[in-house]
Amino acid sequence: MPEQPLDLRLAIPVAALWVGAWLAPLIAPRTVLVGALIAGLALVFGRRWLSGLAIVAVALFLVGVTSMSLRVIHLQAGPVSSWATEQRSVEITGVVTADPEFERRQSFGSGDQLQVRVELRAERVASAGDSVDVRSPVLVVGDGDGWEDIRFGETVSVSGSLRAAPETRPLAAFVFASNAPIVVGQSPALLRGAEAMRRGLRSAVAGTGSDAQGLLPALVVGDTSAMPPLLTADLRDSGLAHLTAVSGANVAIVVGVGLLAARWIGIRGYALVWVGLVLVGWFVLLARPQPSVLRAAVMGSIALVAIGVAGRTQAIRSLLASVVVLLLADPWLSRSWGFALSVAATAGLVLLARRWSGRLPERWPRPVREATAVACAAQVATLPLVVALSGQVAMLSVVANLLAAPAVAPATVLGAAAAAVSPVLPAVAHWLAWLGQWPSAWIATVAHRTATAPLATMPWPDGWAGGVIGFGCLVVAAALWRVGSGRRWWRPRRLLVLGLVAVVVLAILVVGPGRWPPRGWVLVACDIGQGDALVVNLE
């Protein structure tokens, strides 16, 4: 049965929802709500002049604007936000909602200092005799001493001063800590079990090489705490950094292998569905139940649909529906780079990979054709976002991903198995980690070799300018390819669109903002008429 033609009209209202949620924090929330109300009334009374698709798009745009504005109002309405404007000193008791992130920074006179950033869900805040119960997200920044043993899900108490957070961040305030945290409550039993597995995996890889020791936990659960700095840089320059972030591929590999094992032992029907749900839940706990991980679990399920029997039409509908559900559940995902990259990569796999695989030379082995198509589709779909975020293009990304691809699944499966058995069978976990170090070492070798190859990276403008230029280049390349393949792109209307795109791209290249500070900078002087400052690059 031939596959139905793609209908991408649903992408328009989904994009409208995304844009509405993204724009809302940039405008005063109450102004947004009044405007949304007026626009909603206009939509109700003027729907006779709009098509059904336009009505759905406008409605979802208003939903995105309204839901995000309500979130911003909720953050600003609490005492934490109001006290932050007064820069009060407070004592906060809250739950750790993300693993602490450590960074060494150089400071004059005191050498390297270990700094920490950790997200808390503040539950009680005390200041100057006032004490209130809240439920507000805050970001704690301070000296890293004392945070090394703090774990996800624990309740801690910390003192510090509040500072206002920008409205574009899902935070009620920043907290500049003045002391080490005090643990006042344990994490739930399920999270303690997941932490035991993570700790067991780190222990199991302790005797392997430094690259495998850091890379294997990163591949499995996104734990980059032991990653060597050189490997981190080379993964980025080779286009393999996505392997160390929890993604739908991790979920697809772990759940797919688990379901195959379940079928091998005779599990069928609805019992197999429950096995899959348990595996997804276990992986989410193991990799931390944060919004990015939950998004990865949903996108992993979409990836399984995309490569299954459902076909491109069903897969793209499922992807769009998942985006709508996730944005409605958490509008802040509209401002997440990881979420945008995940959606773009999945869309590229669904829309491009299978078609490109069929157009590659038939003399190539099928696995090679499919791997090449997947790598190229993901590279093309995420290019505007990647260059906007990193300010460079990994020229050997496709080659590096093709070389590393055969080792990703074995390393992930062996690492996940080592984590699962480590609390009860540490010797078996060490053996599995020993096996997993070899595919991990291969991935690290690919990263090192491709990152140090000539012309491995090409500088590119970052930010919005770089993203728009990258998108314009893709549009021009697609148009030229269609011209070369005999399609009728010479029609006046299409030539006009292509010309407009070229003009926009050229305008950005000529007058668009460049990267700041420039690469290789040593000293930056700032003079605004009311004082000046000098910044020295110590990296």
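Predicted model: local features only at pLDDT ≥ 70, side-chain atom pairs only at ≥ 80, totals over all residues.

Tutor: Let's start at one residue: Q87 sits in the loop between α4 (79-85) and β1 (89-96). Helices (H or I, at least four residues) and strands (E, at least two) are DSSP runs, numbered from the N terminus. Residues are numbered from 1 along each chain as its sequence is written.

Student: What is the phi of Q87 near?

Tutor: The general idea first: most residues other than glycine have a negative phi. Here, the phi of Q87 is near 55°, a positive value in a residue other than glycine.

Student: Is Q87 buried, partly exposed or exposed?

Tutor: Buried means under 20% relative accessible area, exposed over 50%, and partly exposed in between (1.4 Å probe, protein chains only). Q87 has a relative accessible area of 47%, so it is partly exposed.

Student: How many helices and strands does the protein have, and what share of its residues is buried?

Tutor: There are 17 helices and 11 strands. Of the 539 residues in the protein, 39% are buried.

Student: How do I read a nonpolar core?

Tutor: In soluble globular proteins, nonpolar side chains tend to be buried together. A nonpolar core is a set of buried Ala, Val, Leu, Ile, Met, Phe, Trp, Tyr and Cys residues joined through side-chain atoms within 4.5 Å. The largest one here has 39 residues, and L215, L231, L235, L240 and I443 touch the most other members. The helices that each supply at least two residues of this core are α5 (189-204), α6 (210-221), α7 (229-238), α8 (248-264), α9 (270-286), α14 (397-421) and α15 (426-451). Among them, α14 gives the most, with eight residues. A second, separate core has 28 residues, including A24, M68, V140 and W147.

Student: Which residues is L235 in contact with, leaving aside its neighbours within four places in sequence?

Tutor: Contact means heavy atoms within 4.5 Å. With those neighbours set aside, L235 is in contact with L215, M227, L240, A241, T244 and A447.

Student: At what angle do the axes of α6 and α15 cross?

Tutor: Axes are lines fitted to C-alpha atoms, for helices over the stretch in contact, and angles run from 0 to 180 degrees between N-to-C directions. The axes of α6 and α15 cross at roughly 100° and come within 8 Å. That makes α6 roughly perpendicular to α15 (angles under 35 degrees count as roughly parallel, over 145 as roughly antiparallel, 65 to 115 as roughly perpendicular and the rest as oblique). On the α6 side, D211, A212, L215, L216 and L219 meet A433, G436, Q437, S440, I443, A444 and H448 of α15.

Student: Can we look at one residue of that contact?

Tutor: Take S440, which is found in helix α15. Its relative accessible area is 0%, so S440 is buried. Beyond its neighbours within four places in sequence, S440 is in contact with A212, L215, L216, L219 and A411.

Student: How many aromatic pairs are there?

Tutor: Rings of Phe, Tyr and Trp (its six-membered ring) pair if their centres lie within 6.5 Å; planes under 30 degrees apart count as stacked, over 60 as edge-to-face and the rest as tilted. By this rule there are two aromatic pairs. W18 and F339 form a tilted pair, 5.2 Å centre to centre with 45° between the planes. W18 is in helix α1 (residues 11-23) and F339 in helix α12 (residues 337-359), 321 residues apart, and the pair links distant parts of the chain. Both W18 and F339 are buried. The rings of W434 and W438 have centres 5.8 Å apart and planes at 90°, so this pair is edge-to-face. W434 and W438 both lie in helix α15, four residues apart, about one turn of the helix.

Student: Where is G144 found, and which residues does G144 touch?

Tutor: G144 is in the loop between β4 (130-143) and β5 (155-163). G144 counts as buried, at 0% relative accessibility. Not counting residues up to four places away in sequence, G144 touches F102, L114, Q115 and V116.

Notes: Heavy atoms only, no water.
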